[in-house]
Amino acid sequence: MRIDILSAIPQLLDSFLNYSIVQRAKDKGLVEIFVHDIHAYGKGKYKQIDDYQYGGGAGMVLMVEPLDRLISQLKSERVYDEIIFMTPDAPVLKQSTVNELSLKTNLIIVAGHYKGVDQRLRDLHVTREISIGDYVLSGGELPAAVLTDAIVRLIPGAMNDQTSALSDSFQNGLLAPPVYTRPPEYKGMKVPEILLSGNHQKIAEWREQQAEEITKKIRPDLMQ
Ligand code: ADE
């Protein structure tokens with residue numbers, strides 16, 4: 001898989017891309033991630049990439065031309081499955097979308113900034129828009145990092161124990177049940193007996209029942 005991230009502040013993505021699962025997946029050759037600085041395609045001597053919005057209003061808007069040139073360049077080099085724009089005015093990211101995207105070959109993720117991006121860029125190139133939640137961040141870099149992390153960890157081989165991805169919260173539409181490790185007792189608090197029983201069938205039933213209870217309590221909206 002190849003992911004191209006387009007950003008006005010690529011430095012914000014550096015540490016995230018060079019650690020943990022993402023780094024491991026890159027080392028294993030499972031994913032290539034390229035970060036492109038939109039400024040490199042900026043206009044004129046000052047490499048301008050944003051401007052005031054027509055009609056007035058606070059905040060700068062990313063211009064269509066630099067991003068169009070950058071995306072057109074990438075598209076001329078290979079076929080992209082999706083060109084994703086991270087923005088709060090979009091459907092909220094769900095695990096099912098992450099699962100779907102983890103099966104793709106080439107993705108572009110555009111991290112917006114300022115007051116957003118000229119609508120014509122969205123109309124021209126963007127195939128999917130994603131929000132990471134009902135709140136506004138100062139830029140799309142963290143959302144792009146969130147999406148990239150969620151995708152990359154699902155690529156077979158990225159995690160040491162791939163089966164654990166299948167037991168994540170949301171994978172079966174429910175929140176994950178509680179987990180425990182050693183010691184069996186801490187400050188008087190015991191690990192539920194069933195988990196020490198060795199009875200895999202019973203353990204699976206217990207986990208399912210816990211997941212349902214927790215989901216009902218914390219996220220009843222998921223039960224519908
Ligand atoms: N950019 C700013 N806020 C965002 C959000 N919540 N999701 C995606 N992109 C964003």
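Where is Lys187 found? Select it and you land in the loop between β8 and β9 (189–190); strands here are DSSP E runs of at least two residues, helices are H or I runs of at least four, and both are numbered from the N terminus. Phi of Lys187 is near 50°, a positive value in a residue other than glycine. Lys187 is also exposed, at 72% relative accessible area (exposed means over 50%, with a 1.4 Å probe and protein chains only).

Before moving on: this is a predicted model, where local features need pLDDT of at least 70, side-chain atom pairs count only at 80 or more, and totals for chains, interfaces and linings use all residues. Residues are numbered from 1 along each chain as its sequence is written, and side-chain values use heavy atoms, leaving out hydrogens and water.

Next, pick Pro183, in the loop between α7 (163–166) and β8 (185–186). The peptide bond to it from Arg182 is cis, with omega near 5°.

Now jump to Ser20 in helix α2 (residues 20–27). Its phi is positive too, near 60°, and Ser20 is exposed at 55%.

Last stop: the ligand. Residues around it (a heavy atom within 4 Å) include Met86, Thr87, Ile130 and Pro143. Show the backbone of Tyr135: one of its N or O atoms lies 2.8 Å from a ligand nitrogen. For Leu137, a backbone N or O atom is 3.0 Å from a nitrogen of the ligand. Taken alone, the ligand exposes 260 Å², and the protein buries 96% of that (areas by the Shrake-Rupley method, 1.4 Å probe; for residues, only the protein chains shown count as cover).

How values were computed:
A polar contact is a pair of N or O atoms within 3.5 Å; within protein, one must be able to donate a hydrogen and the other to accept it, and residues adjacent in sequence count only if both atoms are side-chain atoms. Buried means under 20% relative accessible area, exposed over 50%, partly exposed in between (1.4 Å probe, protein chains only).
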